[in-house]
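This briefing concerns the pairing of charged side chains. Side chains of opposite charge can pair when their charged atoms come close.

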Amino acid sequence: MASSGEDISNDDDDMHPAAAGMADGVHLLGFSDEILLHILSHVPSTDLILNVRRTCRKLAALCLDKSLIHTVLLQKDYQASEDKVRQLVKEIGREIQQLSMAGCYWLPGSTVEHVARCRSLVKVNLSGCRLTSLRLSKMLSALQHLRSLAIDVSPGFDASQLSSECKATLSRVRELKQTLFTPSYGVVPCCTSLEKLLLYFEILDRTREGAILSGQLMVGQSNVPHYQNLRVFYARLAPGYINQEVVRLYLAVLSDRTPQNLHAFLISVPGSFAESGATKNLLDSMARNVALDALQLPKSWLNGSSLLQHMKFNNPFYFSFSRCTLSGGHLIQQVINGGKDLRSLASLNLSGCVHCLSPDSLLRKAEDDIDSSILETLVASCCNLRHLNLSAAHHHSSEGLGRHLCQLLARLRHLRSLSLPVCSVADSAPRADRAPAQPAMHAVPRGFGKKVRVGVQSCPSPFSGQAGPQPSSVFWSLLKNLPFLEHLELIGSNFSSAMPRNEPAIRNSLPPCSRAQSVGDSEVAAIGQLAFLRHLTLAQLPSVLTGSGLVSIGLQCQQLRSLSLANLGMMGKVVYMPALSDMLKHCKRLRDLRLEQPYFSANAQFFQALSQCSSLQRLCLVSRSGTLQPDAVLAFMARCLHVVMCHLFTGESLATCKNLQQSLLRSFQAERPALNVVIFPLLHEGLTDVIRDVPLVHLDEITLFKSRVAEEPPNLWW
C-alpha cells in the first residue's frame, strides 16, 4: 500500500477520480471510497495508522474512518513491536472500542498496560499477554465501559491486589474468557453480571521444580462465582488431573443452582473424567429446567446413560459427542429424535465415536460396514450442517448404489469444514479381483529408465481431461459437490502423533486401516478441485507413492493458508519429497506448515523449495529419526522474512539442536520481535519441559497435532 502512494504529491489529492486514470491502468486512488475502505480493512492496523495514513491526504482521512479504527486486531500481527503498539494507542486509542491482542506473547506488560488509554473500550482480548495482578488492576480501573474481557491467570496472580475501581469494572463485564495456568478462580468472583464464561485449563500437574500442584491452593480464595445470569458455560481442559480437580470447584456452584437462562453447556476433556455426585445433580437439574442449543460433555458422563433422552433442546446449533460410545441407534433416537428436523444444527463433532453410524455398539467390530440408513437420516435431518467431524473411527461403506458415505455427505451442500477418516473415502471393500488404485500421472511422470522431472507437466491438467482421479471415484464426486469447502482433514483411523501433550514422545504407532491402502495419489489429487480451500490436513495415507497429488493441490488451491502432512507413504522413506518441493513453489499464500514423518531429511533442497512460500510465518517439523542441515535452516530464515515460529523436533543431537537454536535467535530476534524458536531432539527426556515454554497460541494451533473441525462452537468468541 505504501508504495502506491510514494509518488503522489499533495497537489494531486483533489484530483477527480476520472482524471486518475493512467496509460497503463486505473490508479488506486481512482476507486470509490467504499472500495478503498474495503481494501484498507485488510491492512494490519499498525501499518494502516503508522504508514499508509502518511502517504497522502485522501488516505489519511480514510485510514481514520470509524469502520477501520473502532475495531483493532493485533493478533498474529507479528511485526507489531513495542514502539508500534505504543504509537498506535497514542494516535487512535480514544477511538478504539474493540481491541484484540490475543497471542501477543512478545509484548512486555509495560506495553500492554497502555491499553488503559483506550477509555472507550467495550471489548478487549488479552489472552496470551503478560500481565501482573497490579497491572491488570490499573488497566481495568480506567475502562469503565468494558463489557467483554479475555485474560490469562498465571502463577503469582493475587485477586486481593485488584482495586475497588477494577472490581467495579469487572462487575459490569458480561463476557469473560479466562485461561488458567495456576489453580485459581481468577477474576470470576468479581464478575457479578456474567452471561458468557469461557474457561481454558492449562495447569501443569507439577511445577518446574517438580512440586505437585493441588486444587487445595484455591482454599481461602473468594469462591462465590455469580452464575445467575449465565447463558454460556464452556470449559476446555488440557491433560492432567489438576485441571479436572480445579474445574470441579467451578462446577460446584452450578450444581447448587442451575441458571434458568443457560443455553450452552460445554466441557471438553481429554481422556476420562469421572462423574461425581455434584455433576450428576447438575445434569439432572439441567434436564429439568433448561433447554439447550449447544452441548458437549465428557464421554464418561454420556456412556451408558440415558441423559440425552431427558435433555431438552431448542434450535440447537452445536453438538459434540467426541470419543463417546454413542451408537447410531441412540444418535437417531435420542439426539435426532427419529428424524426430527434439525435444520438449525450448524456444527456436529462425532470424532472418535466408533459406533455412531452403526445400530448397536455392543456387537460391532472396527472392520464392519456402517449402516448407511443412519447416515442418511442424519444428513436429511441436519441438512444445513456447515462443520462435520467423523474422524478417529473406521467408517467403512458397503457396496451399493448411492449408499456410500461420500455419496450421502455430498448432499450437505452447506459444508465449509469436514474431517473424515482415510478409510471412509475408499470406493469399496478391496477385492482379490480388483486392481490397486493407480496414482495420478499429471505432475510427476514415471516410466522405465526415465528420471522423474519435477515441475514438468507432460499430461493435461488433472481435471481438464481424463488424467488423474476419475469422476467414478466417490471421493472425487464428494468434493465436486462441495466446491466451497474451506477446511478438509483426511486422518487415518489409527493415526497418533509422535508428540503428544505433557508426555514423552510416542515411539511406535498402530498400522493403518486395511481400507486405507486403496487411498493414494489419485484421491489426494482430487482435493485440487477445492478452489476455496484454506486449511488442509493429510495424515496416515500409506498408499501415497509419488505425492503427485500434492502438486495438483499447490497449483489449484491458491487460497491455501495452512498445511499439515503426517506419515504419507512408506514410513521408512520420504517418497514424496520431489512432489512436495514442486508443490511448495506454488503456495504463495501458505502461512502455516506442519510436517510429521519419521525419516524426514530437512536438507537444502527442502528449504530451498520452502523459501518460495513468501507468506510463510510458522513452520513445525516432527521427525523422530529425521535430520536437518543447520546452514540450510539459517539460509531459509534469512530469505523468509515473515517466519516467526520455527519448531524442529528431529533425531539430531542435543548439542546440534542447541547450537542451531542459539544461532537463529542471535541472528533474527532483534528484527523479529515475535520470533519463537524451539529446536530439540524429539525423543529427549526433557521434551516436556521445553514444550511448556512454547506460547499457547503456537502450541494449540500448529505444534500439537489434533483434529480442529467442529472442535468448538462457531463464533464462540469474537
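**Salt bridges in the predicted model**

Asp33 has a relative accessibility of 37% and therefore counts as partly exposed, the class between buried (under 20% relative accessible area) and exposed (over 50%), computed with a 1.4 Å probe on protein chains only. This is a predicted model, in which local features need pLDDT of at least 70 and side-chain atom pairs count only at pLDDT 80 or more, while totals for chains, interfaces and linings use all residues. Residues are numbered from 1 along each chain as its sequence is written, and side-chain values use heavy atoms, leaving out hydrogens and water.

**Asp33 and Lys58**
- Asp33 and Lys58 form a salt bridge at 3.9 Å, N to O (a side-chain nitrogen of Lys or Arg within 4 Å of a carboxyl oxygen of Asp or Glu).
- The two residues are 25 residues apart, with Asp33 in helix α1 (residues 33-40) and Lys58 in helix α3 (residues 57-63); helices (H or I, at least four residues) and strands (E, at least two) are DSSP runs numbered from the N terminus.
- Lys58 is partly exposed, at 22% relative accessible area.

**Glu113 and Lys138**
- The closest N and O atoms of the salt bridge between Glu113 and Lys138 are 3.1 Å apart.
- Because Glu113 lies in the loop between α6 (109-112) and β5 (123-125) and Lys138 in helix α7 (residues 133-141), the pair ties together parts 25 residues apart in sequence.
- Glu113 is buried at 17% relative accessible area, whereas Lys138 is exposed at 55% relative accessibility.

**Other salt bridges**
- Glu671 pairs with Arg672 in a salt bridge, with the closest N and O atoms 4.0 Å apart.
- Arg672 is buried, at 1% relative accessibility.
- A network of salt bridges links Glu202, Arg236, Asp700, Lys706 and Glu711.
- The count of salt bridges comes to 19.
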